[in-house]
Each structure stands twice: as C-alpha cells, then as structure tokens.
Amino acid sequence: MKHLEESDVGISFYISQLPGFRGILKQRYCDFIVNEVDSDGNVVHLTSLDAPPESMEKNETKISDQSNKGYASEIELFRSLAGDSDAECLKGLIDQVASGIEDGVSPIVLSPSSDKSHRTAVHNFFKENLKFLVTDTIDGPDASSKCIRVRLNSGGSHNNGRNSRKRKDRRDKPFDSRGSDNWSEHVGKFLRFHLYKENKDTQEAIGLIGKMLGIQPRSFGFAGTKDKRSVSTQRVTVFKQHANRLAALNERLIGIKVGDFCHVREGLVLGQLLGNRFTITLRGVVADSEETIKASADALGRLGFINYFGLQRFGSGSVPTHLIGAALLRGEWETAVSLILDPREGERDAIRKAREYYKESDDIEGTLRQFPRHLVAERAILQCLKKYPGNYLQALKAIPRTLRMMYVHSYQSYLWNHAASMRVQKYGTKQVVLGDLVYCKGDNAEKVTRVVNSEFDDGGCSDAFDSSHFDEISETDLPEERNDPVKALDAEDLLTGNYTIDDVVLPLPGSRAIYPTNDIAQVYHDFAKKDAISLTESAHSVKEFSITNMTGGFRRVFQKPIDFEWELLTYTEGNIPLAETDWDKITKSKPLNIIGGEDSRNGNEKENSFQCMKQSESFEHNVNLSTDNNEPNGVTEIGLPQVEPQFESGAPEAQRALKLSFTLPASCYATMAIRELLKTSTSVAFQKTLNTLS
C-alpha cells in the first residue's frame, strides 16, 4: 500500500495564493518550542525548580525513621516462619530502606508456595510486625504455586487487602502508590507541577518520573500530550505526593525538569487547556526574495490557514487509521484486526518480521515475544485472541479505549477534511454563503442547535497512559467543546453582515450533529457511501463503533494564529539555538551568535546540560498519541527541504531562519499553519525524498 498523501485525506487547498518557500522544520528539536496555555489563558512556563516549604503537618512517621530502629528480632521471627533464604532477602530489603534511599528500593519476591494458609500467615506477619512494608500475591513459576511480593509502603495502607484494585490482574505491573491516608484535609490532594522536557513525549517523561517515585502512571493527570520532537512545558498533577520528592528528582532526570509546585484540590484531565503557545524556527530558509518571506508571514498572521486535521491524525504508516475506523463502522471486525496486525511498509525490520511471522504462523505466543511493548493495540489484540480464539470483536475491545476510539475519530476527521476542501473549492475563503454553519452571536437563537461535546472519554486517559507509546496513532483530537449554539445562515443573516468567514464551522459526524443547508452537506454522505457507510443508520449493534451513537462536534474551517509574531534571523552555525527555552531562562543562558538578531554574544553552550543537538530525521513512519491536538507527534513527517549549511573558503556561510511565535486553540495543528506558509506537502514520502536529496 502506498504512503498517505494529503489529497487522500482531503487536504487540498490553501488560503493565500502567494508562492511558498523552502525551510527546515525541526532541524533541531529546540527549533520547536511548545508551552501549554491553561484554561485561564496563562502560558505555562518552568520558572523554578525549588520545592516550596511544606505547609502541612506531617501526620505520619517517616518510613526512614521507622526503619532506623533495629529489626533483628522481627527478622529472626520471620526466619522461623519462612526459612533462611527469605529471611536474608527481607534483611536486605530492610537495610535498603534504612539507608534512606526510598526511591531506589526494589520489591522482593519470596519463595513459591502452594500452601494458602502459609501465605496468609506471611501476609499477617508483615501487617503486624513490619507495617512500613506491604505484600501482595503474584503467580508462581507453575500453575499450582504462588509467590508473595514485598515492597516499601510509600503510599499508605490502603493499597493492600480486599480493596486492592483487580489484584489478580496486576501480575507484575508497577504499583500505584497513591499517597498517605493521613493526608491533611487542609492541603489539596493533588500536587500540580510544571513538566519541562526535551525530545521526549509526555507518556515517556511521566512514566519515567512515576518509576522513580514508585507509582503508576494512572496517578498522574495532564491536559494534553505534547510532541516528542520538541522542547515543551506543560502542567501535570500527581495524587498525594510531596513537592520535595519530585524536586529531588531533578538531579537525576536527563532531558526532563519539574518545578513550580503547588497543591490543588482536583487533578488535571484531558482537554483542560485553551491551547498551546508555539515558538517555531525554520532554518535554511530559501526564497526568491526576502519580500516573499515577509509577505507570506504577514499573510499567515492576517488570513490564517485552513484548519485541516493534519496527516499525522491518520497515522504515517502504510495503513491509515481512518481505514481501520471505516472497517469498525461497517462491523468488519476481522478486517479491522488484520489491518492492525498485518505487515506494513516503513517499519523497522524487527517489527516487520514479527508481523510477517504471525501472518504466516498464527503463533500468538511467539509473536508476543517479538512485539515491542509500545505496540499496544497489537499486543492487546493478540493477548485477547489467545484467550478467546476467533473473537475479533472482543479482541478489538481489549485495546485501551482512548486508542480504539481514535480509529473511529480519524474517520470523522477524514470526512471533515473533504467537506472543508469542498467548502473552499466551491465558495472560496472570503465570505460566508447561504447555508453555512456558524456559532450563534447575541440573542439570535432562531433555528439553532446546541453544540454537543466530544464523544471522547476522559476516563480513557489512564488506559492510554498505561500503554506508554502508540506507534500507530498521532493524536485524539477533541472537537471544539463550546456551549454556543450553532445555526445555518439564512438570507437575513447575509444581509445583516453579522457573520464573517472566520465564524464558519463544519460538523464532525455524529448522532446530534447538524449539517450545512447547502451543497457541502452532501459531501459527507457521498464520501461515506464510497466506504459503504451510512451516517444515519448503524450497520451493527456495537455502540462505541457506531457513528450514529457518537454525539459529534463542530470545528472551525479557518483558523488564525493568535498573538502572531515573526522575526527573520541570520545565522552561521547550525548547532546554535535561535530561540530561548524555559531552561535557558532559568540558567541565564541566551541564544548565541545570532547575526541578524539583537543579541549576539559568545559562550560555551556545551556547559548547558540540556544541549540541543541536531537530530537525524527518522522515517519509520510511527506516530504517537496526542490528546491536546495542537501539534501531533512525529512531525518529522513535515515535507520541508533539509537545506544544509553551505561553506565557502572554510568559513560558514550566513543563512536565514524564520522564527514564528503564535498560539493555537487545543484543536488545531501547527503543521497545517506551516503548510500554509511554505506551500509544501506534509506527506511522509515527500519529506523522505527531500531528506535523501539533502
């Protein structure tokens, strides 16, 4: 199957007729800076790494204090119960705890036992004698035996006993140490902090922090996932943790910093943001004249861009996610499973061979041993098919909800893109026309429909988080969740002039969506019909894979960058940062050797522990989940020429760079703004060709 092109998913038009120019996007990951904009409109920055003074009384005794006392008698008592080997393991664990290094204490697993009464006695021993340790039962080496695992109780006593969540399903998964039961009622149960990361995706960063703290990813909350290949700052919350524990990690974290701590009453959930602030540097800019660059930048700020769902929305591999979504909507479960599991072009050899092995052998166990853990959907399907052979629907439902719903959402996006292109082709980009949908203004509520919220389930966040990396997806976009009513424009609306082209919206298909009362409505039905899908009747009774059971949503057709600024720079050295990150500001470091900018100074950038290095582009065609949707992961797909610096007589030649700063709402793609500016394809194949030529 050929790689996805823009036209395949309805990305066809531009707003301005100006010529484009060449530029390198993300030659260095610090050329792409993302700062979250919170629900109050504040741009999130990392400003301090220090933990504030604890404002709560310590109602619990520190574990390290408990373990400083001698436990010789308890160890000997345990020896008589469990034997020498287990007693020595326990002694080693207690010695680790007593050393005061809580973060690095690993659990121990006691000898297998098939005697349930003996295991109960061991559990009770720890409850009565060593309360700073907790136990649980895991599978033993054979079906008839079980093992007891012992770990540091860094999260209070509520994680053990009958109230433990799905104890049999935990197996060897990390524990969720969710804080102390003795937490002061005067302090918010969630610690909010700002997460700064370089060249890491959100799941990777939080997963690492959670591992260092000894807690599961589900303890964390965040408003949206940021792009991996970037420098980003965002808010994160974690349940019942002290700021000093997280602040202490800064010395050990590489490419990650945490700070700006405060306790809050509620944790963050997906979608709790207004958008993101971008600082994007395009390097190696080549145009027929400087005026072309200036005119294009001015036009982007003045006119905006067509608010397409970017290619990354549909996956960058040879199996687009909207095709899987179409199979789900038709109720073709086996087809959908095959599309997810079958071999595909552009993947690493090890993954390709694993897919081919399964297709030829149907050996689930052998394939699972070969599949890396980041292939979450594939592994979930195979594990379910192992238990329920031939039950493809059950296997699809085994995929974490956020991920499996992404397939159907991408089909909605596919239809929306085609409708947006038809709107531009048929009616242009300058004025509203009869039948256009708009958000209502003022008291005019005649013939209106209330905007419905996205069918996206925030509750799926923890599932998505546990899965760490989603190579098959880009992001789960949230349709604009507004409470404003939507109406179709009539002749009177056109006469009053109350609405402009910026007000036009188009629906994401769903049970409560309304369609324009002009020719654009038919576009949805025509394209769906080509895929044997009805937008009004479901082909099956599985609600979550039925477009008639999704509520739908609305999305602006045209988007202008907010607080748009641009600057044309000249530089000579490609490894020198051209924009200042939050970490630069904290360390008082500034961009160096900028000829065309106002600040030019010398310095040793290597002293900065966050040295931003040029990254070689990867074309493995894998994309990650992003739920805040300003910028999809894997933007290495952007089809911008990789123009290398030219050197003459041993001296570096001056090159131009265009630095852009702007804010986008939480449903827009920065890549589509760059596409409008450069007039360049964002397809993987085109980018790969350019990269090879460079």
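What we have is a predicted model, in which local features need pLDDT of at least 70 and side-chain atom pairs count only at pLDDT 80 or more, while totals for chains, interfaces and linings use all residues. Residues are numbered from 1 along each chain as its sequence is written, and side-chain values use heavy atoms, with hydrogens and water left out.

Let me start with helix H9, residues 321–330, and helix H10, residues 333–341, whose axes come within 8 Å and cross at roughly 165°; helices here are DSSP runs of H or I with at least four residues, and strands are runs of E with at least two, numbered from the N terminus. The axes are lines fitted to C-alpha atoms, for helices over the stretch in contact, with angles running from 0 to 180 degrees between N-to-C directions.

Turning to the rings, a pair is described by the distance of the centres and the angle of the planes. Rings of Phe, Tyr and Trp (its six-membered ring) pair if their centres lie within 6.5 Å, and planes under 30 degrees apart count as stacked, over 60 as edge-to-face and the rest as tilted. By this rule there are 15 aromatic pairs. In one of them, Tyr 515 and Tyr 524 have ring centres 5.1 Å apart and planes at 70°, so this pair is edge-to-face.

For Phe 564 and Phe 662, the centres are 6.2 Å apart and the planes at 40°, so that pair is tilted. It links distant parts of the chain, with Phe 564 in strand S18 (residues 562–571) and Phe 662 in strand S21 (residues 655–665), 98 residues apart. Finally, Phe 32, Phe 278, Phe 564 and Phe 662 form one aromatic cluster.
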